[in-house]
Amino acid sequence: MGRRILISNDDGIFAEGIRSLALTASSAGHQVTVVCPDQERSATGHGLTVQHPIRAERADQLFGEGITAWACSGTPSDCVKLGLGKLLDDPPDLVLAGINHGPNLGTDVFYSGTVSTAMEGALEGLPAMAVSCNSYRWRDFGPGARFALALAEQVLQQGWPEGLLLNVNVPARVEGELQGHNWCRPAVRRYVNQFDTRTDPRGKTYYWLAGEVIIDAETASDGPEEWETDLACVERGAIAVTPLQPELFWRRGLDQLPQLRLA
C-alpha cells in the first residue's frame with residue numbers, strides 16, 4: 001500500500017542522503033514529496049525564519065519522475081512547516097528526515113536540524129522519523145533507506161503512537177555487515193575545546209566552533225536501564241532506534257525538585 005511521505009533534511013537539496021531516501025521510497029510505490037533547504041543548514045536545531053521571507057522553487061529534476069521536490073530558502077523546520085501548511089494538498093502519512101550525512105546520537109539531537117525536521121512533523125501529530133548515517137564520508141545510504149522504510153511501515157501497521165519520533169542511526173557498514181538493530185536510550189555526548197581562537201588577515205580575533213567529542217558510550221541521559229545507549233549500539237555495528245517525543249517536562253520524582261520559598 002503506497003503512502004504519502006514528506007521527506008526533508010538539513011544537508012540540503014543536493015545531498016546524496018535525501019536523494020537515496022526519496023528514490024527508495026518512490027520505487028517502493030509511495031507518493032513522495034521532498035521539501036528541503038536549498039543549501040546545507042546543519043546544526044540549526046529547531047530554528048524558524050521570522051525576519052525574512054521564505055522562498056521555494058520546484059526541483060523535481062534533481063530526483064526524477066514521480067517525485068515532487070521543492071528547494072526552500074528557510075531552515076529545515078521551515079521546510080516541514082511550509083510543506084504541511086502550503087505545498088502539500090493533503091497531510092502526509094509519514095514525515096521522514098534524512099538520511100543525514102553524519103550521526104545524530106545522544107544529546108546532539110538538541111542541535112540537530114535533521115531531528116528537528118522530524119520533530120516538526122511530530123508536533124503536528126504526524127508519524128515522524130529521523131534517519132542518520134554514522135559517518136560524514138560514507139555514501140552507501142541504501143541499507144539505511146530500506147531499513148527506515150521497513151521500520152516505518154511496521155510501526156504504521158501496528159498504530160503509530162501519538163507524539164512518537166523515531167531517531168534512527170545507521171552504522172557505516174555494508175548491508176551484510178550490519179549487526180541487527182535495537183531499541184536504545186540516548187547517550188550523553190560532551191565536548192572539550194569547543195572553540196578554536198583564530199586571527200583574520202586584518203588582525204582581528206574570531207572564533208570557530210570545532211569541539212572534540214568525549215566518547216562516552218555508556219552514560220545515558222534517560223531511558224530504561226536495560227537498554228544500551230544509541231552510541232554503544234552503533235559502535236558495535238547495529239542500527240540504533242531511539243524513541244523520542246516533543247516533551248521536555250521533568251520526568252523524575254517531584255521530591256527531587258528544590259522547594260520554592262517565595263516572599
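W183 has a relative accessibility of 41% and therefore counts as partly exposed, a class that lies between buried (under 20% relative accessible area) and exposed (over 50%), with a 1.4 Å probe and protein chains only. The model is predicted, so local features need pLDDT of at least 70 and side-chain atom pairs count only at pLDDT 80 or more, while totals for chains, interfaces and linings use all residues. Residues are numbered from 1 along each chain as its sequence is written, and side-chain values use heavy atoms, with hydrogens and water left out.

**Aromatic pair**

- The count comes to 1 aromatic pair, where rings of Phe, Tyr and Trp (its six-membered ring) pair if their centres lie within 6.5 Å, and planes under 30 degrees apart count as stacked, over 60 as edge-to-face and the rest as tilted.
- W183 and W227 form this stacked pair, at 5.9 Å centre to centre and with 15 degrees between the planes.
- W227 is partly exposed, because its relative accessibility is 26%.

**Salt bridges**

- The structure holds 8 salt bridges, each a side-chain nitrogen of Lys or Arg within 4 Å of a carboxyl oxygen of Asp or Glu.
- One of them joins R4 to D93, with the closest N and O atoms 3.8 Å apart; R4 is partly exposed at 31%, as is D93 at 24%.
- Another links D196 and R198 at 2.9 Å, N to O, with D196 partly exposed at 32% and R198 at 33%.
- R236 and E228 also meet in a salt bridge, at 2.7 Å, N to O, and R236 is partly exposed at 38%.
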